[in-house]
Amino acid sequence: MFALFILYVIVEVAALVAVGSAIGVLWTVLLLMAGSVVGLILVRSQGKRVMEGLRSASRGERSPGGAVADGVLFAIGSVAMFVPGLVTTVFGILLLLPPTRWALRPLVLLAAARWMPSVHAATSRMRPTVIDGEVVTESAGAPGSGRIIELDPRDFEKPTR
């Protein structure tokens with residue numbers, strides 16, 4: 001983990017030095033500030049869009065895998081926006097843009113299915129639980145009616161699919 005942090009610092013410093021020497025220090029600072037502003041605007045607007053996608057997936061109007069993949073990519077892009085540096089800002093902005101998320105969605109779904117096959121198998125066959133029963137009026141089972149209800153312990157077992 002420490003080596004990854006050192007690599008991050010080296011990449012960010014190298015990018016800042018390269019951009020700073022190409023366009024100047026003042027323009028580099030302005031570029032960093034503009035990237036942050038654009039990123040914050042994208043976080044706000046795309047956050048609403050991703051949440052609406054998750055809501056529509058919960059209503060069954062959209063594929064849940066695609067909505068969750070968009071959410072994952074949005075979350076990574078949002079975190080990248082809060083990490084200081086030019087490279088992470090560009091990376092975050094790219095992940096917050098809908099076309100980039102659309103292009104990366106199949107890769108996220110493939111990675112999730114590969115890394116978590118049990119979750120994929122469980123969610124692919126999820127259906128609502130239906131319990132068969134009958135309606136009994138209150139007067140039929142009221143105390144003193146003389147009706148005996150027999151119970152079987154298997155009635156309380158978890159249903160299998």
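A contact here means heavy atoms within 4.5 Å. Among contacts in the protein chain between residues at least 6 apart in sequence, 59% join residues at least 24 apart. The model is predicted.

**Overall build**

The protein chain holds six helices and zero strands. Read from the N terminus, its elements run α-α-α-α-α-α. The chain has 161 residues, and 21% of them count as buried.

**Helix H5**

Helix H5 covers residues 98-115, which makes 18 residues. At 1.5 Å a residue, H5 should span 26 Å. Its end C-alpha atoms are 25 Å apart, which agrees. H5 also has a kink of about 40° at Leu104. The kink lies shortly before the proline Pro106.

How many aromatic pairs does a search of the whole structure find? The search finds one. Its partners are Phe5 and Tyr8, with 6.2 Å centre to centre and 40° between the planes. The pair counts as tilted. Both residues lie in helix H1 (residues 2-23). They are three residues apart, about one turn of the helix. An α-helix has 3.6 residues a turn, so residues three or four places apart point the same way.

Both ring residues have a computed relative accessible area:

| Residue | Relative accessible area | Class |
|---|---|---|
| Phe5 | 47% | partly exposed |
| Tyr8 | 24% | partly exposed |

Buried means under 20% and exposed means over 50%, so a value in between counts as partly exposed. Phe5, at 47%, falls in that class, and Tyr8 does too, at 24%.

Notes. Residues numbered from 1 in each chain as written. Predicted model: local features only at pLDDT ≥ 70, side-chain atom pairs only at ≥ 80, totals over all residues. Heavy atoms only, no water. Helix = DSSP H or I, 4+ residues; strand = E, 2+ residues; numbered from the N terminus. Expected span 1.5 Å × (residues − 1). Bend = angle between axes of the 7 residues up to and from the residue. Phe/Tyr/Trp six-rings, centres within 6.5 Å; stacked < 30°, edge-to-face > 60°. Buried < 20%, exposed > 50% of the residue type's maximum accessible area, 1.4 Å probe, protein only.
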